[in-house]
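These are my notebook entries on a single structure.

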Amino acid sequence: MLSQVEAFAITHGASRTAVLLTPFLTLLHRYAGDRDICVATRLDDSHGASPWSADVPVQLPMRGHHSVLEILRGVDAAMESTAIGDPGGSPLLAEAACSFGRGPAGRAVDEGSGAEPGHLLSVELLHLDPAPGVSSHGRGPSNLTLRWSCDPVAVAEAALRRMPHHYEQLLRAALAEPRCRVGDLPMLPADEAQRCLSWGTTEGTEPDRTVVDLLEETAARVPNAQAVICDDVQLTYTELLDRVGRLARQLRTAGLRTGMRVGVLMERSVGLHIALLAVLRAGGVYLPLDPHHPAPRISSILEDASVGFLLTDEHLGTPFSGPEIRLVHVDSRGAVDLPVGTMGKQDFRPTVDDVAYVVHTSGTTGNPKGVEVPHRALTNVLMHFGAEFGLGTGDTVAGVTTVSFDISILELLLPLVRGARLALLPRSVAADGAELREALTAYEVSFMQATPMTWRLLLDAGWQGEPRLTALSGGETTPPDLAAELCRKAGRVWNVYGPSETTIWSTSHRITETSTIVPIGRPIANTTLRVVDSGGQLVPIGLPGELYIGGTGLARGYLDRPDLTRERFVACPQGPAHVTMYRTGDLVRWSEQGELEFLGRIDRQVKVRGFRIELEEVEGRLNLHPLVRHGVVDVRRNSEGDTELVGYVVLEEAAPQALADIQASLARHLPEYMVPRPLVVLPELPLSINGKVLRDRLPDPRSVQQTGGPIRYAGSRERELAAIWADVLGVQRVSSAADFFELGGTSLHAQRIATRVNAAWKVKVRVSTVLRYPTVAELAAFLEGQGVAAL
């Protein structure tokens with residue numbers, strides 16, 4: 001190869017060192033994601049008449065669209081401009097060293113390793129050892145030696161062993177295609193590329209039935225088995241199918257047409273379950289809505305989706321009715337006040353290519369965006385996990401997730417296509433660890449999926465575990481300590497991952513042991529994964545890249561947003577151009593065992609309690625408030641290690657109750673999980689010389705000193721409660737009137753406060769009680785009203 005290097009250098013009028021450094025710089029650029037690479041090249045003439053040695057810095061702006069020749073010329077020019085004297089011949093030694101910076105790849109490895117930024121990897125390139133019979137004063141070395149070293153915390157030994165092979169691939173490709181863009185040069189040897197492709201590809205039988213078909217098959221197979229239970233209402237499969245069919249006919253008679261979107265705004269109940277299935281059976285598209293979200297947000301989603309019908313609980317009234325929306329009240333048993341018609345001779349059941357539902361997620365424009373999911377994608381995920389977990393008539397699945405969160409669909413529909421029983425738990429039960437613990441026992445639950453926050457609620461309430469339970473944790477990162485605890489308490493534990501745009505879950509990993517990162521696993525059936533760099537090239541095993549997902553689970557795109565659909569649903573990198581994949585924006589890497597590991601985001605999207613949030617949407621709403629001069633939103637880990645939103649504001653003027661007013665305004669437009677708590681007042685935001693907010697300099701909200709004089713409490717009860725609150729919330733002090741939510745309180749904090757209160761006063765306070773009385777003064781008054789004496 002060195003003869004090719006020599007010929008290439010002569011052809012293009014460059015030094016051999018520059019030729020060798022060009023693919024090396026490309027390697028560092030592709031590994032680290034850095035746009036600017038700086039190395040040191042050592043020119044050594046120690047064997048010459050006047051021995052000398054000097055380190056020559058070479059710094060270049062690296063862009064993937066630059067050609068090999070452009071980089072080569074830049075390297076050569078940099079070396080010429082800084083070289084000291086004339087070595088009297090070609091340098092016999094070239095050395096380059098680089099520390100990965102804080103580009104996308106460097107950031108991800110750094111966060112997962114604990115290594116210091118900028119000191120992750122150092123590499124030396126040495127071309128040494130003249131061939132036998134070749135003078136050291138000759139035209140150059142015949143043998144090329146690479147010496148690689150790194151921080152073992154940052155890069156695994158196996159990954160280090162592959163680096164020379166990646167350099168060789170880049171060098172060969174650069175010599176063969178000098179006009180090729182460096183971002184397009186192949187870097188992986190064939191065997192490594194094939195491993196990545198095979199790990200990321202699964203095949204199976206393509207779904208040819210819808211959920212409606214599967215439910216009818218189940219009802220025919222186990223007609224008298226219990227299908228669903230909620231409070232005092234329970235139905236067999238025959239009864240469920242009859243009520244679904246009846247409501248579907250009523251909706252068709254009332255004017256529902258195939259493909260029409262139907263809003264479903266209901267609390268968890270058997271009636272909710274029937275409503276969702278009836279919309280599907282009638283050929284409609286259901287739009288799940290959370291009745292606890294602010295009315296303006298619900299109205300915005302209804303308008304965006306152009307719904308024809310809105311199905312609601314009777315007690316919700318008619319706040320969203322309009323000339324283009326037909327409002328239908330559904331009771332807890334699925335009954336409605338509509339005439340019963342007939343489907344007619346034509347069966348309006350959906351096909352696998354029809355859209356099943358539209359779920360809305362946070363959007364950067366300030367408005368949520370709707371994701372259209374077809375029946376085929378829904379059936380695929382249900383069939384995969386049903387087979388994976390082996391659910392059957394002896395199983396009970398707990399329904400604990402709000403219906404507007406798409407992972408709830410697995411809870412609601414998976415048991416019905418397997419003949420299992422669904423136990424729908426009210427919102428108040430799912431939010432209280434103690435009540436949830438009791439419900440799991442009462443219903444003999446054998447399968448439950450939940451976010452890490454809900455699992456912590458359950459464990460914190462003293463749940464002793466269930467060996468028959470299959471536990472799924474997903475929606476956000478599952479911490480290793482939580483995974484280990486679940487493995488001790490449940491029979492089987494799975495970590496699952498997937499965006500709404502690829503239908504609920506796209507990967508899964510059964511947790512049998514835990515380390516620093518819990519893998520998100522391998523693709524489910526009929527799913528394709530690609531981990532690529534910014535140029536669309538496969539990244540090496542062990543290094544970070546963006547995850548693309550394709551296959552049967554792919555959504556159609558965003559409702560009435562063709563621009564955004566084109567941006568995120570793109571041609572498959574490293575595959576047929578006609579195949580579409582979804583750009584997740586998630587940073588992942590392949591482990592040596594062929595398991596995906598989640599590392600973070602490449603943008604500002606975050607997840608809080610499993611919900612996906614675009615920080616721009618929250619910031620946009622925050623900065624609309626007249627008291628806010630400038631506001632930003634960031635994420636922090638709270639005292640429990642969970643992610644929380646924190647708002648930082650510069651006020652137009654100091655005003656009493658300013659923060660309470662701002663948060664109240666946010667709560668009128670955003671769901672509770674999108675309201676930043678706490679809000680921190682700053683005199684100014686830390687800015688760069690270019691006027692950008694320096695987010696790494698925003699203070700930890702717990703470190704901001706509270707000002708003011710001594711706090712006065714109305715008795716010892718308030719003083720003891722305030723001490724409990726401060727300890728649980730991780731703040732220095734709490735006044736009688738301080739709001740639990742404004743202090744950053746969550747359901748988990750509320751549960752721990754309730755536990756401490758119960759132990760101190762020998763009472764039985766629920767999580768809902770703490771949330772209902774969100775100040776020390778109010779909770780103290782409640783306890784006094786219950787006849788609880790002060791300590």
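Is Phe447 buried or exposed? I looked up the accessible area and found Phe447 buried, at a relative value of 1%. The term buried stands for under 20% relative accessible area, exposed for over 50%, and partly exposed for the range in between, with a 1.4 Å probe and protein chains only.

**Entry 1. Basis.** I note that the model is predicted, so that local features need pLDDT of at least 70 and side-chain atom pairs count only at pLDDT 80 or more, while totals for chains, interfaces and linings use all residues. Residues are numbered from 1 along each chain as its sequence is written, and side-chain values use heavy atoms, with hydrogens and water left out.

**Entry 2. Aromatic pairs.** I took rings of Phe, Tyr and Trp (its six-membered ring) as paired if their centres lie within 6.5 Å; planes under 30 degrees apart count as stacked, over 60 as edge-to-face and the rest as tilted. The count under this rule is 15 aromatic pairs. One of them joins Phe389 and Phe447, a tilted pair with 5.3 Å from centre to centre and 50° between the planes. Phe389 belongs to helix α11 (residues 375–389) and Phe447 to strand β15 (residues 447–450), so this pair ties together parts that are 58 residues apart in sequence. Helices (H or I, at least four residues) and strands (E, at least two) are DSSP runs, numbered from the N terminus. Phe389 is buried, with 5% relative accessible area.

I then looked up Trp725 and Phe740: the ring centres are 5.7 Å apart and the planes stand at 75°, so the pair is edge-to-face. Trp725 is in helix α20 (residues 716–729) and Phe740 in the loop between α20 and α21, so parts 15 residues apart in sequence are tied together. Both Trp725 and Phe740 are buried.

**Entry 3. A charge over a ring.** I found the charged end of Arg252 over the ring of Phe348, 3.4 Å from the ring centre. The criterion is NZ of Lys or CZ of Arg within 6 Å of the ring centre and within 35 degrees of the ring normal.

**Entry 4. Backbone.** Where is the cis peptide bond? I located it between Arg677 and Pro678, with omega about 10°. Pro678 is in the loop between α19 (658–667) and β30 (679–681).

I also noted positive phi values. Asn526, not a glycine, has a phi of about 60°; this residue is in the loop between β19 (522–523) and β20 (527–532), and it is buried at 7% relative accessible area. Lys762 has a phi near 55° and lies in the loop between α21 (747–761) and α22 (767–772). Lys762 counts as exposed, at 72% relative accessibility.

Entry 5. Gln605 has Glu614 of β27 as its bridge partner. Two residues stand between the strands of this hairpin, in which Arg609 takes a positive phi near 55°.

**Entry 6. Cavities.** How many cavities of 30 Å³ or more does the structure hold? I counted five. A cavity is a set of points on a 1 Å grid over the protein atoms alone where a 1.4 Å probe fits but cannot get out, and lining residues have an atom within 4 Å of a point. Grid points are joined across faces, edges and corners, and a volume is the space filled by probe spheres set on the points.

The largest cavity holds about 320 Å³. Its lining comprises 28 residues, with His360, Thr361, Ser404, Phe611 and Tyr673 closest to the centre. At least two lining residues of the largest cavity come from each of β8 (285–289), α10 (295–305), β11 (355–361) and β27.

The second largest cavity has a volume of about 120 Å³. Among its 14 lining residues, Arg609, Glu644, Leu645, Arg677 and Thr746 lie nearest the centre. Strand β29 (residues 643–651) gives the most to this lining, with three residues.

Note on methods:
Pairing = 2+ DSSP bridges. 1 Å grid on protein atoms, 1.4 Å probe; cavity = no way out; pocket = protein on both sides within 12 Å on 5 of 7 lines; lining within 4 Å.
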